Amino acid sequence: MNNKIVRISALCVLMSACAFAQQKETTSTPNELNEVVISDSKFALAKEKSGKVIVKITAEELSKKSGQSLATILSTVAGVEINGNQSSAGKNLGYYIRGGRNRQTLILIDGIPVTDASGINLEYDLRLIPAEQVESIEIMKGAASTLYGSGAAAGVINITLKKAGKKAIAGNAYMNVGTQTTADRTNYRPEDYNQGLSVNGNLDKFNYYASLNSTETTGISEAAVAKPAAYEVDRFSRLNSLIKLGFTPTKKLSLDFFANYDRMKNDFDGTFDNFNNPDTPLNVSTSEQFRLGFSPKYKYEKGEFVLNSSFNTILRDYNTFNSYSNSVDISDYKSRSVNVDAFNKYSFSNQFFVVAGGQFQFHEMDSNTPYDAIASESAKFNSIDPYLTAVYNSDFGLNLNVGGRLNMHSVYNSNFVFNVNPSYSFSEIPLKLLASYSTAYITPSLYQLYSPYGNLELTPEESATVEAGFEVSLLDKKLTFNTITFYREEQNPFGFYTNPDTYASNYINIVGRNNAKGVETMVAYSFSNALKVNANYTFTQVEEPLSRLIPKHKGNVSLDYQATARSFFNINYQFVDKRKDAFFDGGTFATTAVLLDSYQLVNAMAKYDLIKNRLNVFASVNNILNEEFVETVGYSTRGRNFKIGVNVLF
C-alpha cells in the first residue's frame with residue numbers, strides 16, 4: 001500500500017505542475033454557472049436560484065467519459081456509491097446515496113419514474129441503459145417525495161435521453177473495443193464490444209430521433225475464483241432501441257411520443273458461501289423492457305401545463321442451477337406499470353410561481369418459481385397523489401421552495417409528506433447559504449405485500465432529511481466550492497422476520513429508528529480555458545443496521561486538459577474507504593461479517609478529433625495501477641483494462 005501511495009503522490013505532483021504551467025492563460029466563466037436545473041421544481045430554473053446543490057452531468061461532460069458505463073459515471077459523484085460498477089458487466093448494482101439503499105433511490109427517465117414492480121423492492125436496473133443513449137443526468141440528493149412520490153428518500157437520479165437536434169437530418173455511428181480482465185489474471189485480448197448508431201432531425205413542426213445500441217462483453221467470471229483453479233467466463237449482452245417523435249402544431253403546444261425496447265442477457269454465478277464453488281456455466285438471466293409514453297406540453301401567458309404518461313412492462317427469467325436436485329430451476333417474473341403525472345406551472349409574477357399536480361400510478365406483477373407463484377389478479381395496487389409546490393425567488397437574494405404531497409394508496413391509508421427549502425444569495429459577496437427539511441416515504445412492494453411471505457398490514461417506510469450548507473464562487477469565478485451536511489432519520493423500515501419456533505416467515509415493519517449523517521464537499525477550479533480540476537469528498541456515518549457496503553470516506557479528483565482545439569486528455573483518481581460486508585457461511589451455517597479493504601483507482605483517457613465535428617477517436621486505460629480489490633465479498637473486480645473507440649458524426 002505504501003508504494004501505491006508514493007505513486008499516487010508522484011502523480012498528484014505531476015498534475016499540479018501541469019496546472020501551474022497553464023495559469024498565465026485567460027480564464028472564462030465555468031459553464032455550470034449558466035446552467036439550469038429541473039429536478040427541484042419540474043421546470044427549468046437557474047442553478048443559482050435553486051436551494052439544492054444539484055449535480056448536473058452535461059452532454060459535454062459525458063462526451064469526456066467515453067467508454068464508461070452509466071454506473072461508473074454516477075459513482076464519481078459526491079455522496080453516490082454504485083456498488084458493482086467495477087465488477088463484471090452482468091453483476092447486479094447497489095445504489096448507496098448518502099447511506100441509502102436501492103429502494104430509497106428513485107430513477108427518472110426524461111422526468112418519468114421507472115421501476116420494476118416484480119422485484120422484492122420497487123427499484124430499477126440501471127444496467128438496462130447504455131451511457132451512449134444519455135443526453136444529461138441530474139442527481140438531487142435528499143428526500144424528494146413531495147415532487148416525485150415513493151422511493152425518493154435518499155435521492156433522485158434524473159436521466160435525460162438524447163433527442164432531436166436542429167438540423168433536418170443528422171446522426172452518428174460509433175464502435176468501442178476493450179479488454180476485460182481481472183488484476184490477477186491478465187488477458188489483454190479484446191473482450192468488450194460496444195457499438196451503435198442514431199439518426200435525428202427537425203423538419204419544421206416535426207422532429208424525430210432513433211437509436212440502436214448493442215453491447216457484448218465476456219472475459220471474466222462474476223465469482224472471484226482463486227488461482228490456480230479454472231473458471232468459466234460470464235457473458236453479458238445488451239440490445240437497446242429508442243424512438244422519439246415530436247410534433248409542434250403551434251408555438252404553444254408540443255406533442256412528444258417515445259417507445260423503447262431493451263434486452264439484457266447475462267450469465268451469473270451462485271451466491272458466495274465460503275464452502276461451495278459458486279462458479280457455474282448453467283446460470284443465465286434475461287431481462288426485457290418495453291416502454292411507451294406520451295408527453296404533451298402547453299404553454300400559455302402565465303405558465304405551462306405538462307402531462308407525462310408512460311406504460312412499462314419488464315420480463316425477467318432466471319435459469320439457476322440447484323445443487324441439491326442437480327437440476328436447473330426456472331423462475332419467471334413479469335411486471336406492468338402505468339404512470340400518469342399531470343402538473344401545471346402558474347407564474348403569479350417574475351418572482352413567484354406555483355406547481356400544482358396530480359400523479360396516478362398502477363403496478364401489477366405475476367411470477368412463477370419453484371418455490372412460489374404470484375398471480376397478477378391479486379398482486380396489484382394503485383395510488384393517486386395530489387401535490388403542490390411554491391417557488392419564490394426574490395430580487396434581494398432570498399429563494400424559497402415549499403411543498404406538500406398527499407399519497408392515497410389502495411392498500412394502506414393515506415400518507416402526507418412535505419418539504420421546506422430556503423436559500424439566500426448575498427449580493428455583496430459571492431456566497432449562497434442553503435438549508436432544507438424534507439420528508440419521504442417508500443411504498444411496500446407487490447412482493448412484500450402478496451408473495452407467500454407477504455403482509456398486507458405493512459405501512460410505508462418513512463424518513464426525514466435535514467440539510468444545510470453553502471456554495472461560494474471566488475477568484476473571479478474561477479473557483480467554486482460547496483459543502484453540504486445532511487442528517488436522515490428512517491423509521492418503519494421493511495424487514496424479513498422468521499419465527500424461531502414455527503419457522504414461519506413474512507415481511508414486517510421494523511420498530512425503531514436509524515440514521516445516516518455526513519458531509520459532502522465539491523470544488524472546481526479553472527486554471528485556464530484549457531485546464532480544469534474537479535474534486536469531491538464524502539464523509540458518511542450510518543448506524544449498524546445500515547452499514548453494509550457503505551464507505552465512511554470517499555474521494556474523487558479529475559483533471560481535464562484541452563491541449564489543442566482537437567485533443568483532450570483526462571486523468572482521474574478515486575479513493576474508496578473500507579466497507580463492512582457479510583455472507584452466510586455454508587460450512588458453519590452462520591452469518592459471517594467481513595471488513596473489505598479500501599482501494600484506489602487511477603484512470604486516464606485521451607480523445608482526438610481527426611475531422612473537426614465529424615470524426616473523433618479515443619483511448620482509455622482504467623485501473624492503471626492494476627489494483628486488486630473487492631467491491632462485494634466473493635465477487636471479482638476488473639484490473640487494468642484498455643479501450644479504444646471511434647465516433648463518426650454526419
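Visitor: Let's start with charges. How many salt bridges does a search of the whole structure find?
Guide: The search finds 24 salt bridges. Keep in mind that this is a predicted model.

Visitor: What is the idea behind such a pair?
Guide: Side chains of opposite charge can pair when their charged atoms come close.

Visitor: Give me one. What does aspartate 192 meet in a salt bridge?
Guide: Its partner is lysine 643, with 3.1 Å from N to O.

Visitor: Is aspartate 192 buried or exposed? And what about lysine 643, buried or exposed?
Guide: Aspartate 192 is buried, because its relative accessible area is 9% and buried means under 20%. Lysine 643 is buried too, at 13%.

Visitor: Another one, please. Which residue forms a salt bridge with glutamate 471?
Guide: That is lysine 432, and the closest N and O atoms of the pair are 3.6 Å apart. Glutamate 471 belongs to strand β24 (residues 461-474) and lysine 432 to strand β23 (residues 431-442), so this pair ties together parts 39 residues apart in sequence.
Guide: As for accessibility, lysine 432 counts as buried at 5%, whereas glutamate 471 is partly exposed at 25%.

Visitor: And which residue does lysine 580 meet in a salt bridge?
Guide: Lysine 580 pairs with glutamate 544, at 2.9 Å from N to O. Lysine 580 is in strand β32 (residues 579-585), while glutamate 544 is in the loop between β29 (531-542) and β30 (553-561), and the two are 36 residues apart.
Guide: Lysine 580 has a relative accessible area of 39% and is partly exposed. Glutamate 544 has 53% and counts as exposed.

Visitor: Which residues do salt bridges with shared partners join into one network?
Guide: The network consists of Lys52, Arg98, Lys141, Glu467 and Glu520.

Visitor: Where does arginine 98 lie?
Guide: Arginine 98 is in the loop between β5 (94-97) and β6 (105-109). Its relative accessible area is 3%, so arginine 98 is buried.

Visitor: What is arginine 98 in contact with, leaving aside its neighbours within four places in sequence?
Guide: Its contacts include Lys141, Glu467 and Glu520, along with Gly79, Phe486 and Thr540.

Visitor: Change of topic: sheets. What is the strand order in the open sheet of 5 strands?
Guide: The order is β3-β8-β9-β6-β7, and the pairing is mixed. At the edges are β3 (55-57) and β7 (112-114), each of which pairs on one side only. Neighbouring strands in this sheet are turned by 25° against each other on average, direction ignored.

Visitor: How many bridges join β3 to strand β8?
Guide: There are 3 bridges, and β3 and β8 (residues 134-141) run antiparallel. Isoleucine 57 stands opposite isoleucine 137 in β8.

Visitor: Last topic, the surface. Which residues make the nonpolar patch of about 800 Å²?
Guide: Among them are Ile384, Leu400, Met408, Phe416, Val466 and Tyr487. The elements giving two or more residues to the patch are β21 (398-409) and β22 (415-425).

Visitor: Which strand does tyrosine 487 lie in?
Guide: Tyrosine 487 lies in strand β25 (residues 479-491). At 32% relative accessibility, tyrosine 487 counts as partly exposed.

Technical notes: Residues numbered from 1 in each chain as written. Predicted model: local features only at pLDDT ≥ 70, side-chain atom pairs only at ≥ 80, totals over all residues. Heavy atoms only, no water. Pairing = 2+ DSSP bridges. Helix = DSSP H or I, 4+ residues; strand = E, 2+ residues; numbered from the N terminus. Axes fitted to C-alpha atoms, helices over the stretch in contact; angles between N-to-C directions. Buried < 20%, exposed > 50% of the residue type's maximum accessible area, 1.4 Å probe, protein only. Contact = heavy atoms within 4.5 Å. Patch = residues over 30% accessible without salt bridge, like charges linked within 9 Å, V, L, I, M, F, W, Y side chains within 5 Å. Areas by Shrake-Rupley, 256 points an atom, 1.4 Å probe, with all protein chains shown as cover. Salt bridge = Lys/Arg side-chain N within 4 Å of Asp/Glu carboxyl O.
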